[in-house]
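Please read this briefing with the model open beside you, and find each part in the picture as it is named. The points are grouped by topic.

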Amino acid sequence: MSTNGPALAAADLSVELGGLPVLRGVGITVAPGEAVTLLGGNGSGKSTLVRALLGLTPHQRGEVRLFGTPLRQFRAWRRVGYVPQRSTAALSNALVREVVAAGRLAHRRPFVPPRRSDRHAVAESLEVVGMSDRAGDELRRLSGGQQQRVLIARALATRPELLVLDEPNAGVDLEHQHVLADVLGRLLARDVAVLVVLHEVGPLGGLIDRAVVLREGRVVHDGPLGSLGQGHHHHGHHADPAPGALLDRSGLDRSLLGGES
Ligand SMILES: Nc1ncnc2c1ncn2[C@@H]1O[C@H](COP(=O)(O)OP(=O)(O)OP(=O)(O)O)[C@@H](O)[C@H]1O
């Protein structure tokens, strides 16, 4: 993997929205193979931070680098996967297959039909999240949790080196939360960097290397999940009965996670 230093790094990041400070001097890094969770109460600035890190929301101060390149100059978007908060896509009347295929756009050249590798990545990503049989359905016809799984499939189809997920488990049943934990575990084993906004840590808890906690737009904790005391806004890490099953990073599905990109 051609990375030097962190996949994602931000320093002194400040964002104002509607004239109000939402992020105030935030610093965050995510290294290849590292899973960082972003926690904090409603309105603490988690989604704004994620959007600012990806250049979707402008920042007024500070610096963001992706794979060492300042955001302004960064063009290698095929290296980045993003699972937005579901509400932003929920009304789409696009077909499931089209939504996931959008994850391949950064790999394609204009006016060239999708290659076999593109179709393969789409089919495989749908299969991983258990949505193959809904490929021809309109996204808006699916349940909330199913829509969320399609958005995860789209990000997986990109075969990213940095995967950013904003509350990917919102509305998703426990079984499929475990599926996501399994998928993320395999990506981490391949040195993908993961930044995930979570409301409840849940089945992902065993994968998390570091928790960054925001409060009123500031980082108030950056360290191991376990060192977070009680009484925080997240209700995470209820002991999982078999975290080892999720943490098995050895059984790599090379066809999904490896190969061309
Ligand atoms: N476009 C906007 N204009 C003005 N204020 C905004 C805008 N978007 C977000 N905000 C404000 O910024 C603050 C942080 O919002 P953000 O969505 O980043 O929080 P969050 O931590 O992701 O919250 P949640 O857990 O509820 O998703 C909130 O007070 C919100 O009202």
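The chain holds seven helices and 10 strands, and what you see is a predicted model rather than an experimental one. Of its 261 residues, 42% count as buried. Among the contacts between residues at least 6 apart in sequence, 73% join residues that are at least 24 apart.

**The open sheet**

- Four strands make up an open sheet in the order S2-S1-S4-S5, and the pairing within this sheet is antiparallel. Its edge strands are S2 and S5 (69-70), each of which pairs on one side only.

**The turn between S1 and S2**

- S1 and S2 form a hairpin that has two residues between the strands, and Gly 18 in this turn takes a positive phi of about 55°.
- Gly 19 lies in the loop between S1 and S2, and this residue counts as exposed because it has 5 C-beta neighbours inside 10 Å, while the limit for being exposed is 12 or fewer.
- Gly 19 and Leu 71 are separated by 52 residues in sequence, and their C-alpha atoms are 23 Å apart in space.

**The surroundings of the ligand**

- The residues that surround the ligand include Leu 17, Gly 18 and Val 22, and also Gly 40, Asn 42, Lys 46 and Thr 48.
- Sorted by class, the shell around the ligand contains two nonpolar residues, eight polar residues and one charged residue.
- Helix H1 (residues 46-53) gives the most to this shell, with three residues.

**The nonpolar core**

- The largest nonpolar core has 70 residues, and Leu 53, Val 100, Ala 153, Val 164, Leu 184 and Val 194 are the ones that touch the most other members. Helix H4 (residues 144-157) gives the most to this core, with seven residues.
- Leaving aside residues up to four places away in sequence, Leu 184 touches Ala 35, Val 194, Leu 204 and Leu 207.

**Helix H5**

- Helix H5 (residues 174-189) consists of 16 residues and reaches 23 Å from its first C-alpha to its last, which is close to the 22 Å expected at 1.5 Å a residue.
- Several residues of H5 are buried, among them His 176, Leu 180, Val 183, Leu 184 and Arg 186.
- Just after H5, Asp 191 takes a positive phi of about 75°.

Technical notes: Residues numbered from 1 in each chain as written. Predicted model: local features only at pLDDT ≥ 70, side-chain atom pairs only at ≥ 80, totals over all residues. Core = buried A, V, L, I, M, F, W, Y, C linked by C-beta atoms within 7 Å. Buried ≥ 20, exposed ≤ 12 C-beta atoms within 10 Å, placed from the backbone. Contact = placed C-beta atoms within 7 Å. Near = placed C-beta within 6 Å. Nonpolar A, V, L, I, M, F, W, Y, C, P; charged D, E, K, R; others polar. Pairing = 2+ DSSP bridges. Expected span 1.5 Å × (residues − 1).
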